[in-house]
Amino acid sequence: KYNNNDTFINTIPLHSFSNGHVSLSVIKNNNTFSSSQSSLLEYDFYRNSCPRVERIVRSTIHRLHRNAPSLVPALIRLFFHDCFIQGCDASVLLDDDDYINSEKDSPPNESLKGFDVIEAIKSQLEEACPGVVSCADILVLAARESVVLAGGPFYPLYTGRRDGSNSFADIATYELPSPYADLSQTLASFKSRGFDEREMVTLLGAHNIGVIHCEFFVNRLYNFSGTNEPDPSLDTEFLNVLRSRCNNTDGSPSSLVEVQQEIGMDSKQSLSKFGTSYYHGLLQGKGILYADQQLMEGEKTKYWVQQYASNPTLFHQHFAIAMMKLSDHRVLTMPMGQIRRSCSKVA
Ligand code: HEM
Ligand SMILES: [Ca+2]
């Protein structure tokens with residue numbers, strides 16, 4: 001129904017995709033993929049200065065992943081939280097000091113993980129090619145490898161991002177999407193960054209994997225908006241599953257019980273395939289966050305939830321492209337920015 005006025009469908013030759021993977025030729029031939037800044041990024045930017053960069057990122061993540069599979073969702077979330085706040089400039093990685101008001105200390109970022117993984121990759125790269133590769137590039141490349149490790153699509157990335165010299169704790173506090181936001185609020189924050197309804201639904205498909213702590217949805221389980229009733233949009237059976245997972249009824253923030261996002265689904269399968277269990281869940285009232293379930297409240301967003309639930313290949317294609325777009329959001333390129341030596345400190 002929305003296909004006619006959806007530029008994506010009209011301009012992108014979907015037949016040139018195979019297996020949900022995006023090929024570079026498609027990108028080169030179609031300007032719709034690049035934002036204005038990303039024209040300053042290049043494919044294989046480090047081909048002379050650090051030709052092994054992508055291999056090093058990949059092998060480090062693969063090595064660490066064997067003992068710590070949870071780094072996969074963590075890195076995807078870290079990437080989102082960087083790019084969404086002042087663009088993909090590694091602002092989220094900076095530590096607090098006299099001059100830096102670190103985003104790490106902003107409430108929505110308190111449960112972020114994966115900083116050590118980025119730092120481990122950075123130190124490998126500093127050995128191989130000192131002072132060359134930006135932390136901002138490492139972050140987008142690490143997120144891409146994580147998507148692939150989760151069974152999601154591979155997508156090519158431009159490189160040549162430079163690191164910012166600031167962190168934006170206040171902006172992160174107010175502008176990272178809230179799990180308690182309704183559809184219009186969430187949509188407004190994506191739209192202000194150039195992402196439409198469909199792209200927002202696509203990116204939220206990242207919630208197929210990972211964990212959500214009870215503190216972010218306990219408000220829906222017993223006393224939703226002061227009603228003394230649970231959130232009516234929550235499936236009753238699922239409500240009981242969530243209650244038993246978070247059996248600390250006072251909802252104190254210390255009750256950090258982890259909840260697999262694919263509860264009620266074939267979790268093994270969906271994890272290895274980066275599937276569409278998230279969208280199936282929403283169709284059944286089993287969205288974990290209020291903001292997730294809100295996708296069913298808008299005509300367009302609901303339409304795309306239905307599309308992706310029934311067409312995993314389409315989801316993978318769109319997810320790859322949306323991740324590429326987010327990776328190029330407001331990047332810094334020469335002569336702006338810097339290359340840090342350690343990702344947590346300005347150079
Ligand atoms: C409306 C927008 C969004 C909201 C409100 C939201 C909120 C959240 C919250 C509250 C958590 C749980 C964190 C925790 O318990 O530690 C979470 C987890 C996660 N989010 Fe989002 N998120 C949004 C969009 C996105 C997007 C666009 C992506 C990626 C493209 C993403 C990727 C993830 C991943 C992978 C996890 C699991 C992290 C882990 O297991 O370590 N989220 N999100
Ligand atoms: Ca940033």
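Biologist: Is Asp-89 buried or exposed, and how is this read from the coordinates?

Modeller: A residue counts as buried if 20 or more other C-beta atoms lie within 10 Å of its own, exposed if 12 or fewer, and partly exposed in between, with C-beta atoms placed from the backbone. Asp-89 is buried, having 29 other C-beta atoms within 10 Å. This is a predicted model, in which local features need pLDDT of at least 70 and side-chain atom pairs count only at pLDDT 80 or more, while totals for chains, interfaces and linings use all residues. Residues are numbered from 1 along each chain as its sequence is written, and chains are lettered from A and ligands numbered from 1 in the order in which they are written.

Biologist: Where does Asp-89 lie, and which residues is it in contact with, leaving aside its neighbours within four places in sequence?

Modeller: Helices (DSSP H or I runs of at least four residues) and strands (E runs of at least two) are numbered from the N terminus. Asp-89 belongs to the loop between helix 4 and helix 5. Contact requires C-beta atoms, placed from the backbone, within 7 Å. Beyond neighbours within four places in sequence, Asp-89 is in contact with Ala-136, Asp-163, Gly-164, Leu-332 and Gly-337. Gly-87 is found in the loop between helix 4 (71-84) and helix 5 (115-128) and is buried, with 21 other C-beta atoms within 10 Å.

Biologist: Which residues does UniProt list for "binding site"?

Modeller: UniProt positions follow the numbering used here, feature names are shortened, and annotations may be inferred rather than shown by experiment. The unreviewed UniProt entry lists Asp-82, Gly-87, Asp-89, Ser-91 and Glu-103. They span 22 residues in sequence, but no two of their C-alpha atoms are more than 13.1 Å apart, so they gather at one spot.

Biologist: Why does ligand 1 lie between the domains?

Modeller: Domain bounds come from an automatic or database domain assignment. Domain 1 (16-177 + 323-327) and domain 2 (183-322) both give residues to the shell around ligand 1, so the ligand lies between them. A residue is near a molecule if its C-beta atom, placed from the backbone, lies within 6 Å of it. Of the 23 residues around ligand 1, Pro-73, Ser-111, Pro-177, Ala-206 and Gly-210 come nearest.

Biologist: Which element gives the most to the shell around ligand 1?

Modeller: Helix 4 does, with five residues. Helix 9 (197-204) and strand 3 (211-213) are among the elements that each supply at least two.

Technical notes:
Contact = placed C-beta atoms within 7 Å.
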